[in-house]
Amino acid sequence: MEENATETTPIPTMSSNTAAETILVGFDWGTNSSCIMASTTGSNDLLTNEIIPSIVGYAKEGLLEGILPSDKTVLFGKEALKYRIYCQLQRPMRNGVIDDLKSASDYAGHIKEHLPEGREYRAVIGVPARADQIARENVRTAVKGVFDKVILIPEPFLAALGYRDESRLKEDGYIDPVNNSLFIDIGAGSSDLCLVQGYYPQPDDQISIPYAGDAVDAELSKEILQKYPDSDLSIHSVIEIKEEHAYMGPQKSDIIVKKIIGGKPRTLDIGYEIGQSTLTLLDLIFEGVKQEIAKANPDSVPELLQNIVLTGGGSQIKNFAEVLQKMLEDDGYEQPKVRIIGENYKEFVAKGAMKAARAAKERQWQTLID
Ligand SMILES: Nc1ncnc2c1ncn2[C@@H]1O[C@H](COP(=O)(O)OP(=O)(O)OP(=O)(O)O)[C@@H](O)[C@H]1O
Ligand SMILES: [Mg+2]
């Protein structure tokens, strides 16, 4: 069982026991989008490094020839979104786990098209913190026939591993994120918190909250509709507004958004509504952080407080780190420091998965049998 193998294994070193022709894959399978990296064993060069929206489009019945590119019946990622009016769109994932096995298998098959043919494929796949046996089994089922061997590892841990800069480990003052940190990955479907303290996290080190970007979208839609009952914004417009303006902290009264509604330009004054839409997320994360700190060894807490890292798309909400840090300070924690991983947040889980794949021992790989 790879769970046992990963749970008891110390942080990987950069050595590998896999065959030369094998393709190693790092796969962050997100609710909203996925990041995939691949290389051959023994090489640090990436063959693939792509972000693909986690969506599959099945062509509607009765479409005329020439409407869809090459008259495809199944489209993926950006192409599915581009031709969305001619397709039935299906998201394989919900709340961070597989929700629809058929589209999940199709999506995984599509990922393989980005890799060289005819090799052995071994993938380290990120799963939400505390993913249960059913969620894990669904991942294995979906990638059967696509990858030959897999290891499933919690996403926040992979983010920490991906964020680690091995070239600076000996540097004075470099804070190794894998040593003692709290990673908070706020995605579309789930927010995952994970203590990373030098070993693969145990289930108790992690919290997964099924509330993240998608829930903020629903909240914002509701708030806007309450203020402007005749505004009929699509969820895509709401997400656009959120990604541009979402904030935490003191209420902003000066956010004016222009949208075309029913073919007519409208001006929406929604600073307050946007502020309201992120409140629940902030509260849940704050509570989660306190729970995680309470679980850590007391001697590790002073350093842990210096290493609270926000990642995932939700980390891009303006002032998130500052506001969370202030809440912790006001609650009496000693000089907490909350930072965001950066704008390129999307690549860290897959990067960590690549590192874990390169370092994995033969016995850690779980063979998938058709
Ligand atoms: N600038 C931004 N401000 C607020 N939210 C943002 C911003 N950019 C992206 N997001 C949101 O982040 C979420 C996507 O994050 P991410 O790509 O980390 O999720 P995911 O990995 O696909 O999902 P999960 O980890 O839950 O399976 C979406 O809800 C998206 O709207
Ligand atoms: Mg994610």
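Start by selecting residues 213-227, helix α6, and residues 235-245, helix α7: their axes lie 9 Å apart at an angle of about 105 degrees. (Axes are lines fitted to C-alpha atoms, for helices over the stretch in contact, and angles run from 0 to 180 degrees between N-to-C directions; helices are DSSP runs of H or I, at least four residues, numbered from the N terminus.) That angle makes α6 and α7 roughly perpendicular to each other, the word used for 65 to 115 degrees, with under 35 being roughly parallel, over 145 roughly antiparallel and the rest oblique.

Now show side chains. From α6, Gly213, Val216, Asp217, Leu220, Ser221 and Ile224 meet Ile235, Val238, Ile239, Ile241 and Lys242 of α7, contact meaning heavy atoms within 4.5 Å. Sorted by class, that is seven nonpolar, two polar and two charged residues. (Ala, Val, Leu, Ile, Met, Phe, Trp, Tyr, Cys and Pro count as nonpolar, Asp, Glu, Lys and Arg as charged, and the others, Gly among them, as polar.)

A word on what you're looking at: this is a predicted model, where local features need pLDDT of at least 70 and side-chain atom pairs count only at pLDDT 80 or more, while totals for chains, interfaces and linings use all residues. Residues are numbered from 1 along each chain as its sequence is written, chains are lettered from A and ligands numbered from 1 in the order written, and side-chain values use heavy atoms, with hydrogens and water left out.

Next, select 279-295 (α9) and 320-330 (α11), which pack at about 50 degrees with axes 11 Å apart. So α9 and α11 sit oblique to each other. Click on Leu281, Leu282, Asp283, Ile285, Phe286 and Val289 in α9; across from them in α11 are Phe320, Val323, Leu324, Met327 and Leu328.

Then move to α3 (101-112) and α4 (133-143), whose axes come within 8 Å and cross at roughly 50 degrees. Leu101, Ala104, Ser105 and Ala108 of α3 touch Asn138, Thr141, Ala142 and Val143 of α4. Here you'll find five nonpolar, three polar and no charged residues.

Last stop: color domain 1 (2-52 + 97-162 + 347-367) and domain 2 (55-90), with bounds from an automatic or database domain assignment. Seven residues of domain 1 and six residues of domain 2 make the contact.

Key: Helices (H or I, at least four residues) and strands (E, at least two) are DSSP runs, numbered from the N terminus.
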